[in-house]
Amino acid sequence: MRISPRNLALVLSFAVATSARPPSQQALFSTTLKHHEDPPAPPPLKNITQELFDEFEELARIVDISYCVGNSGISAPFSCLSRCSDFPSFELVQAWNTGPFLTDSTGYIALSHEPAPKRIIIAFRGTYSITNTIIDLSTTQQTYVPYPAPPEDKGGRCENCTVHSGFYESWKDAQSVIGDVLEEVVEKYAPLGYKLEVLGHSLGGAVAALAGLDAAARGWKPRITTFGEPRVGNEEFAKFISEHFDRETFRRITHTSDPVPHLPFDKWGFAPHEFEYFITKKSLDPTVDDVVECTDGARDSRCSESESVNGFQLFWSHRDYFHRLGLCLPSDPFGFWRGRSGEEPDQNDVL
């Protein structure tokens with residue numbers, strides 16, 4: 001294609017004028033062009049390894065045992081109507097149940113001896129009252145103060161952080177009952193290579209997050225795994241968790257259709273934190289191909305944040321974390337909690 005001398009002169013003049021602009025004008029011109037570029041694509045979702053899947057599945061069974069506390073109970077050395085027989089090397093240290101309300105707490109502390117991995121396990125149970133859960137999730141927030149408060153120059157302050165007052169009081173209630181015992185156990189067994197494992201399902205997941213933060217402040221190096229954890233505090237608190245942990249030390253497992261990770265709502269001033277792993281399969285039983293690592297921050301639009309809230313799923317998806325949690329029974333002979341042929345029960349089933 002031929003370019004006339006006149007048009008060629010115009011092109012050259014434009015190029016010279018552009019290069020002759022002051023640096024600030026050149027930057028502005030460049031910025032204007034970049035403004036119209038498409039935003040970068042988020043990192044791809046990652047499938048987890050079989051090893052991590054097996055670990056999550058085992059931890060789901062361990063936290064499920066917490067539902068026996070306040071029900072049929074757990075007895076020493078480690079016996080209950082649920083999955084205690086799956087863990088013959090476990091030793092019960094303490095079980096506690098401070099009451100039936102949201103601000104109360106229930107769970108157990110156990111030691112995992114060899115040949116199993118050497119662990120100090122603290123497991124927090126969720127609530128049995130689904131109706132009270134929804135009502136209580138609108139509870140107001142209060143200022144979060146780490147305990148023990150680390151020096152300011154160690155990044156221990158949580159500026160403008162607030163947390164759900166019910167979750168916070170639940171942890172404080174538990175701490176008043178188990179604090180001394182847990183400290184003694186950690187001081188005795190951590191030097192022997194026992195790692196602190198903090199677990200929680202549902203509201204117990206929120207309490208586990210708070211307990212894990214306090215344990216980290218004490219230098220105990222906990223690893224936290226939660227299942228169906230609700231939002232614990234505001235945006236600043238969510239960032240505080242993200243700054244003090246990583247994917248190796250905090251795993252927030254969610255499940256498709258589970259409404260609880262959306263609660264309390266944004267409009268009430270609550271936010272999710274990072275380190276989400278998402279179970280994409282709605283019915284039981286998931287496989288390793290059904291669990292992904294959410295790689296695009298705390299609000300990955302391809303994971304639980306992509307869904308809306310369905311309160312009915314509190315009975316099913318909220319309990320379906322590798323197993324259907326919350327029964328404290330040796331088996332489910334009638335298949336009620338699993339549903340027909342492993343699928344989700346019909347909404348007309350009697351509850």
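Helices (H or I, at least four residues) and strands (E, at least two) are taken here as DSSP runs, numbered from the N terminus. Two strands pair if DSSP finds at least two bridges between them. The structure is a predicted model: local features need pLDDT of at least 70, side-chain atom pairs count only at pLDDT 80 or more, and totals for chains, interfaces and linings use all residues. Residues are numbered from 1 along each chain as its sequence is written, and side-chain values use heavy atoms, with hydrogens and water left out.

The chain holds seven helices and 13 strands. Of its 351 residues, 49% are buried, where buried means under 20% relative accessible area, exposed over 50%, and partly exposed in between (1.4 Å probe, protein chains only). Contact means heavy atoms within 4.5 Å. Among contacts between residues at least 6 apart in sequence, 72% join residues at least 24 apart.

Nine strands make up an open sheet with mixed pairing, in the order 1-11-10-9-8-7-4-3-2. Strand 1 (46-47) and strand 2 are the edge strands, each pairing on one side only. In general, the strands of a sheet pair through backbone hydrogen bonds, either parallel or antiparallel. Strand 1 runs antiparallel to strand 11 (residues 291-293), and two bridges join them. In this pair, K46 stands opposite E293 of strand 11.

Four of the five residues of strand 8 are buried, which leaves the strand mostly covered. Strand 7 (residues 195-201) pairs with strand 8 in the parallel sense over five bridges, and E197 stands opposite R223 in strand 8. Between these two strands the chain passes through helix 6, and the β-α-β crossover is right-handed. A crossover is called right-handed if, with the strands pointing away from the viewer, the path from the first strand over the helix to the second runs clockwise. Strand 8 also pairs with strand 9 (residues 250-255), in the parallel sense over four bridges. There I224 stands opposite F250 in strand 9. Strand 8, helix 7 (residues 235-244) and strand 9 make a right-handed β-α-β unit.

Helix 6 (residues 203-217) also packs against helix 5 (residues 165-189), at an angle of about 65° and with the axes 9 Å apart. The axes are lines fitted to C-alpha atoms, for helices over the stretch in contact, and angles run from 0 to 180 degrees between N-to-C directions. The crossing of helix 5 with helix 6 is right-handed; a crossing is left-handed if the near helix is turned anticlockwise from the far one by less than a right angle, and right-handed if clockwise. On helix 5 the contact is made by F167, Y168, S170, W171, K172 and Q175, and on helix 6 by L203, A206, V207, L210, A211 and D214. These residues divide into eight nonpolar, two polar and two charged. Ala, Val, Leu, Ile, Met, Phe, Trp, Tyr, Cys and Pro count as nonpolar, Asp, Glu, Lys and Arg as charged, and the others, Gly among them, as polar.

The loops hold several local features. T98 lies in the loop between strand 2 (90-97) and strand 3 (106-112). T98 counts as partly exposed because its relative accessibility is 30%. Leaving out residues up to four places away in sequence, T98 touches D104, S105, D173 and V177.

Two cis peptide bonds can be located next. One joins L263 and P264, with omega about -15°, and P264 is in the loop between strand 9 and strand 10 (276-279). Another runs from L284 to D285, with omega near 0°; D285 is in the loop between strand 10 and strand 11.

F322 is not a glycine, yet its phi is about 70°. F322 sits in the loop between strand 12 (320-321) and strand 13 (323-324), and counts as buried because its relative accessibility is 3%. C328, also not a glycine, has a phi of about 55°. C328 belongs to the segment after strand 13 and is buried, with a relative accessible area of 3%.
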